[in-house]
Amino acid sequence: MGTRSKQLFEDLAGFIRSGELKGFNGMALQVFEYQYAHNPVYRAFCIDKAKTPDTVETWKDIPVVPTGAFKDLDLSCGPAEKVFLTSGTTGGPEKRGRHPVMGLELYRESILANFSSHLLPDRARMRMFILTGSPHTWKHSSLAHMMEVVRGAFGADGSDYYINDSGLEEDRLISDLKTAIRQKRPVFLLGITLAFYQLMERLRLDGYKFSLPAGSRIMDTGGFKGRRIQLSKESLYSWYQDVLGIPSPHIVNEYGMTEMGSQFYDNTLRNFYKGWSGARRMTIPHWVRTTVVNPETLEELPEGRTGILRHYDLANCGSVMALQTEDLGSLSGGGLKLMGRAQGAEARGCSLHAEDFIRSGRKTAPKASFKPSL
Amino acid sequence: MIRTQTPSGSTLKSFVIPRSPLIREFHTLGLGGVRIQQPFIPPQGLSRMLDSMVDARNTLVSEISTDRMLDIIHATADRWLKRKDSNREAAERHLPAITGLSEEMVRIGLDLVLKDLTRESLGAALDRSLGDRKVLDEFRPIDEKGRRWRKAAGPQLSAHILSGNIPGIGIGELIQSLLLKSACFCKTASEEPLSLALFAHSLVKTEPRLASCMAVVGWPSGTSEAEQLEEILFRRADLVTATGTDETVSEVKRNWAAYSPVRSRFIAFGHRFSLGFIAKESIRTAERMRETARAAARDIALYDQQGCLSPHLYFVEGEGPPPAEFAKALGSALEEMESELPRGKVGAGASSQIQQARSLAELKKAAGEPIDVFGSRGGTHWTVILENEPGIALSPLYRTIRVKPISRLEEAIGYLEPWKAHLQAAGISVSDARRESLSRLLGRAGFHRICPLGKMQAPPVDWPQDGHRFVADRVRWVDLEKQ
């Protein structure tokens with residue numbers, strides 16, 4: 001990386017750390033200029049669209065790249081320090097998305113800043129029960145990478161992963177939870193929704209009902225993507241409350257993707273500790289902008305209307321900042337309401353639908369290493 | 001038409017069941033704004049219903065001959081085709097809202113399902129499958145000396161677990177059960193529970209005795225009540241067929257295996273898709289190119305690509321300009337199709353995936369890859385992606401199609417291996433001289449039906465869906481040796 005590039009990555013990290021709300025547009029234009037200069041595929045695409053650093057004046061004009069492109073094209077601005085892959089799927093001959101990351105330090109900065117303000121607004125460290133594989137088990141998972149970053153920064157003694165090569169270690173998890181209850185030590189459970197679901201099912205079968213020590217919390221992510229589980233987020237969360245004894249504000253949903261450096265979190269836990277009011281929404285970090293566009297026409301939609309989500313993420317400096325996702329959602333009161341990934345749920349005929357094979361997104365583990373007993 | 005009055009307005013009765021004292025409660029659900037009534041079926045009610053259906057069937061089986069059954073089906077389908085049945089009217093009126101398909105599509109779709117339900121073509125289909133339709137009524141001689149005789153017995157009770165939203169879905173299953181004189185229980189598709197119930201009701205109008213051995217009804221899947229009902233059904237039925245995604249079908253199969261008697265049979269109709277193969281001779285002249293493109297556009301447009309007979313991509317033989325011109329011609333044909341057979345409603349999720357496919361193609365084009373994309377303006381009504389990348393990519397559907405140039409059609413066979421378990425039909429446009437040799441390869445590759453382009457959505461009534469022979473996989477044979 002050249003000196004100027006290095007400087008840009010450092011400036012971005014500084015911008016993220018600063019909590020400075022102004023200046024996004026200026027930073028975004030710098031990132032665009034950098035990506036235009038260093039990413040030949042993206043540059044050609046921008047030229048086709050007649051959007052170049054000379055003509056683009058606001059971040060909204062920066063050409064968006066479909067997240068699906070990470071499967072087929074190298075969208076890196078330089079040599080990657082690490083390559084993340086989206087999860088494999090149902091055994092079909094599909095491609096996996098790759099996100100080559102340069103500037104791991106910037107990546108780390110965006111993870112830490114957001115995580116601490118939304119999940120640990122009240123304390124510095126907690127014992128983490130991580131319901132994902134470790135970075136050694138899930139070698140290419142951006143989620144496992146993120147877990148390792150937050151475990152290192154915020155995990156207290158005894159923090160550990162509970163998914164190994166043969167799946168969720170239910171017994172060890174339950175026994176460690178019991179110990180924590182006996183010791184009155186609050187716990188932080190974080191991981192994929194499918195693993196939580198498996199834990200809930202197991203506790204139900206065994207007839208357990210826990211009341212985890214006050215201050216305990218949950219962060220779940222990924223939903224039931226690709227599984228035939230019909231359970232709304234509300235029902236799932238009241239199940240968590242009921243079985244684990246964790247109050248609703250302490251249950252936080254995370255939304256992220258392999259193709260994107262930054263994450264979104266529910267505002268509930270932060271609001272609770274700050275004494276702020278407001279409905280459950282995902283916070284858009286100050287280094288990210290999100291717009292919603294009409295799925296048919298791609299015109300921008302006003303607040304409250306549901307459409308395709310586009311994210312402009314400064315933490316993606318090393319690849320492409322402006323992303324058009326497959327996800328649907330709406331903006332509301334400055335926050336984001338996620339409707340979930342476009343599953344092609346409308347494809348109801350008997351035709352094999354691409355989505356049945358290709359479930360992009362990173363959150364569920366590769367099937368071989370995680371088999372919830374559903 | 002079946003219509004009951006409720007305080008909140010009119011509700012469509014979307015079921016046909018034999019009269020039962022244990023089924024007294026009903027509930028209403030909204031589907032695309034259409035209010036649909038279904039009964040609550042208590043487990044005991046289902047048990048009793050199945051018993052009575054089997055009893056009724058055992059009586060009817062000797063009273064209704066195969067020819068009579070052909071007449072019943074013929075008369076019913078004929079009324080529907082000639083629009084002389086209020087149930088057809090109701091189907092046409094409500095299916096667009098329920099399925100999201102356009103009115104034109106529903107109309108054409110229903111006609112396509114019904115057109116072959118005549119005594120002649122069904123009778124001929126039985127003869128083809130069983131050797132002789134009369135084996136369903138009596139022992140028939142199978143050797144010249146009259147020593148050996150044979151009879152085919154249909155299942156006492158067939159159960160069909162249906163899914164999907166193609167208008168008329170399940171009619172084929174119901175017809176097969178009727179022809180085999182089997183008591184027939186159809187669990188309707190949650191996405192489209194109406195048209196089969198309406199058709200069953202029309203059948204009962206033609207022959208009231210059918211009412212006692214036929215049930216067409218739905219319940220929400222995945223609940224413990226549903227599991228209980230399925231258990232009862234599977235314990236009793238000697239044939240179960242299931243349609244749906246691979247996941248649903250294997251779930252049904254697991255339950256079936258747990259409860260069914262060992263001698264019962266299971267036929268799975270899982271996820272399938274279709275492809276097209278266009279030879280260079282079919283796009284040689286401008287005229288031929290237009291014709292071929294129109295035929296292809298029709299196959300794509302029908303049912304908005306939702307069926308297992310819908311093509312996901314076309315291999316087009318040749319290099320350079322001809323395939324590229326074909327891709328453009330296909331775009332024009334799809335544009336024309338939009339006024340003749342408009343696309344129906346598309347959910348945001350599907351639109352989003354089409355947008356992904358379009359802009360990925362643009363990105364690759366910018367990156368210098370040999371790819372191009374043509375699409376409707378102001379919406380995702382149709383999209384043609386011309387790409388050279390080898391292999392097969394599934395379409396996000398709703399009239400999104402890939403065109404892949406290939407130097408020889410036979411080379412495409414190599415790409416099919418990973419998709420073998422999911423192939424359904426191959427629409428082909430090749431010269432007479434090549435048809436057989438190409439078809440042999442396609443059959444070996446896993447396709448079950450090879451047909452001309454433009455006919456993919458209009459299969460004969462006895463086409464081997466998922467490789468199963470019409471009725472033949474469902475009967476039990478009985479031999480009589482006279483000496």
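This report looks at a helix and a strand of chain A, then at one leucine of chain B. The model is predicted.

**Helix H7 of chain A**

Helix H7(A) covers residues 170–183. Its 14 residues should span 20 Å at 1.5 Å a residue, and the end C-alpha atoms are 20 Å apart, so the two values agree.

Six names make up the buried list of H7(A): A:Glu170, A:Leu173, A:Ile174, A:Asp176, A:Leu177 and A:Ala180. They lie on the same side of H7(A), because they cover an arc of only 165° around the axis. An α-helix has 3.6 residues a turn, so residues three or four places apart point the same way. The face turned away from the buried side carries exposed residues, A:Asp171 and A:Arg182.

What covers the buried residues of H7(A)? The cover includes strands E4 (127–133), E5 (160–164), E6 (167–168) and E7 (187–192), together with helix H8 (193–206), of chain A. Just after H7(A), A:Lys184 takes a positive phi of about 55°.

**Strand E8 of chain A**

Strand E8(A) runs over residues 217–221. Five of its five residues are buried, so the strand is largely enclosed by the rest of the structure. Both faces are covered. On one side sit A:Arg217, A:Met219 and A:Thr221; on the other sit A:Ile218 and A:Asp220. In a regular strand the side chains alternate between the two faces of the sheet.

E8(A) pairs with E7(A) and is joined to E9(A), residues 251–255. The table sets out these two pairings.

| Strands | Sense | Bridges | One residue pair |
|---|---|---|---|
| E8(A) and E9(A) | parallel | four bridges | A:Met219 with A:Val252 |

How does the chain get from E7(A) to E8(A), and what is the hand of the crossover? The chain passes through H8(A), and this β-α-β crossover is right-handed.

**B:Leu180**

In chain B, B:Leu180 is found in the loop between helix H6 (171–179) and strand E8 (183–187). Is B:Leu180 buried or exposed? B:Leu180 has 3% relative accessibility, so it counts as buried, the cut-off being under 20%.

Which residues does B:Leu180 touch, leaving aside its neighbours within four places in sequence? Its contacts are B:Leu136, B:Gly154, B:Pro155, B:Val471, B:Arg474 and B:Val475. B:Leu101 is 79 residues from B:Leu180 along the chain, and their C-alpha atoms are separated by 32 Å.

Methods
Residues numbered from 1 in each chain as written. Chains lettered and ligands numbered in written order. Predicted model: local features only at pLDDT ≥ 70, side-chain atom pairs only at ≥ 80, totals over all residues. Heavy atoms only, no water. Helix = DSSP H or I, 4+ residues; strand = E, 2+ residues; numbered from the N terminus. Buried < 20%, exposed > 50% of the residue type's maximum accessible area, 1.4 Å probe, protein only. Contact = heavy atoms within 4.5 Å. Expected span 1.5 Å × (residues − 1). Arc of directions from axis to C-beta. Pairing = 2+ DSSP bridges. Right-handed = clockwise from strand over helix to strand, strands pointing away.
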